[in-house]
Amino acid sequence: MSTNLIPTISDTDLSDLQAAKRKMEEIGWAMKGLNRIGGILETGIDKLPKKQQKWLQQVAHKVLHAVVKTNLKTMKSGKSNTTSSNNTYKALVTSSGIIGGAFGATAFAVDLTLATKLMMRSIMDIARSEGENLQELDTQLACLQVLALGGKSKHDDTLDTGYYATRIALSSAVKNATSYAAKHGMGSILQGSNNAFVKLIGAIASRFSIQVSEKFAAQAIPIIGAAGGASINLAFINHFQNMARAHFSIRRLERQYGENLIREHYEAIKL
């Protein structure tokens, strides 16, 4: 591994940045481990009817809207954690997958809603463990952005999925949502169908739906069963926990050294 960096950040922080980039880059396309479940994903998504693909996008949007409404205001910010409860959330999401696996596509929306809600709480827990203040809108939006990270597959060729490229792609929507909340108040951010915050959810949902489609393609197999559904959900949350750990580790370093310097170092790291 070669970094070719000038010594402007500590060795410990550089090691953290290298670990974060490794999580972002080496996971590959979303939920890479799902390839081991029947080896069907590369063709499964392509075979989904256009109507079903559109439905999955709508489900992803609806789920994110519900998750933001119910989760982002409920976790106590005064609680100080130095570690996150990753294993607890993995167990809960895995249990949710048992339902989806047992009942197949018919239970998919229910399973996805519960799994995503639990994943968001895990993401928030990770954010807090990296020094984020959950009462700040910037942190809440950063938690939501995690669901747009790490979707590298042939099914997202129209999207630029690099870490900073994703953040840049969402930056305009994030700024508009922040301005909207400042002007209209936090209580109004999910009201109406055309406000800036809802548009941000739509932008994130378009990327999240890639992972959702891959999950659906695997879970729709009639023989997958409860055990297979649990394994799929374990891969699903493990992916987003890795994305969250990397994302908030990078944000912690950006607070310390500045975004431009950390981005320069991040892009110079060779894995």
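Helix 7 gives the most to the lining of the largest pocket, with eight residues. A pocket is here an open set of points, on a 1 Å grid over the protein atoms alone, with protein on both sides within 12 Å along at least five of seven lines, and lining residues have an atom within 4 Å of a point. The model is a predicted one, in which local features need pLDDT of at least 70 and side-chain atom pairs count only at pLDDT 80 or more, while totals for chains, interfaces and linings use all residues. Residues are numbered from 1 along each chain as its sequence is written, and side-chain values use heavy atoms, with hydrogens and water left out.

The lining of the largest pocket comprises 18 residues. Nearest the centre of the pocket lie D138, R167, V174, R251 and E259. At least two lining residues come from each of helix 6 (137–145), helix 7 (163–184), helix 9 (225–257) and helix 10 (259–268). By class, nine of the lining residues are charged, five are nonpolar and four are polar; Asp, Glu, Lys and Arg count as charged, Ala, Val, Leu, Ile, Met, Phe, Trp, Tyr, Cys and Pro as nonpolar, and the others, Gly among them, as polar. The volume of this pocket is about 410 Å³, a volume being the space filled by probe spheres set on the points, with grid points joined across faces, edges and corners.

R251, one of the residues nearest the pocket centre, is found in helix 9. Because its relative accessible area is 11%, R251 counts as buried (buried means under 20% relative accessible area, exposed over 50% and partly exposed in between, with a 1.4 Å probe and protein chains only). Apart from neighbours within four places in sequence, R251 is in contact with E132, D138, T139, A142 and R167, where contact means heavy atoms within 4.5 Å. D138 and R167 also belong to the residues nearest the pocket centre.

The protein chain as a whole contains ten helices and zero strands; helices (H or I, at least four residues) and strands (E, at least two) are DSSP runs, numbered from the N terminus. Of the 271 residues in the chain, 51% are buried. Among contacts between residues at least 6 apart in sequence, 82% join residues at least 24 apart. The chain exposes about 12500 Å², of which carbon and sulfur atoms supply 53%, as computed by the Shrake-Rupley method with a 1.4 Å probe.

The largest nonpolar core holds 57 residues, and L147, F208 and F248 touch the most other members. Such a core is a set of buried Ala, Val, Leu, Ile, Met, Phe, Trp, Tyr and Cys residues joined through side-chain atoms within 4.5 Å. Among the elements that give two or more residues to this core are helix 1 (11–26), helix 3 (50–71), helix 5 (108–129) and helix 8 (196–219). Helix 9 gives the most, with nine residues.

K54, in helix 3, counts as exposed because its relative accessibility is 53%. K54 and S209 are 155 residues apart in sequence, with 9.5 Å from C-alpha to C-alpha. S179 is placed in helix 7 and counts as partly exposed, at 47% relative accessibility. The C-alpha atoms of S179 and A196 are separated by 8.4 Å, at 17 residues apart along the chain.

Definitions and conventions
1 Å grid on protein atoms, 1.4 Å probe; cavity = no way out; pocket = protein on both sides within 12 Å on 5 of 7 lines; lining within 4 Å.
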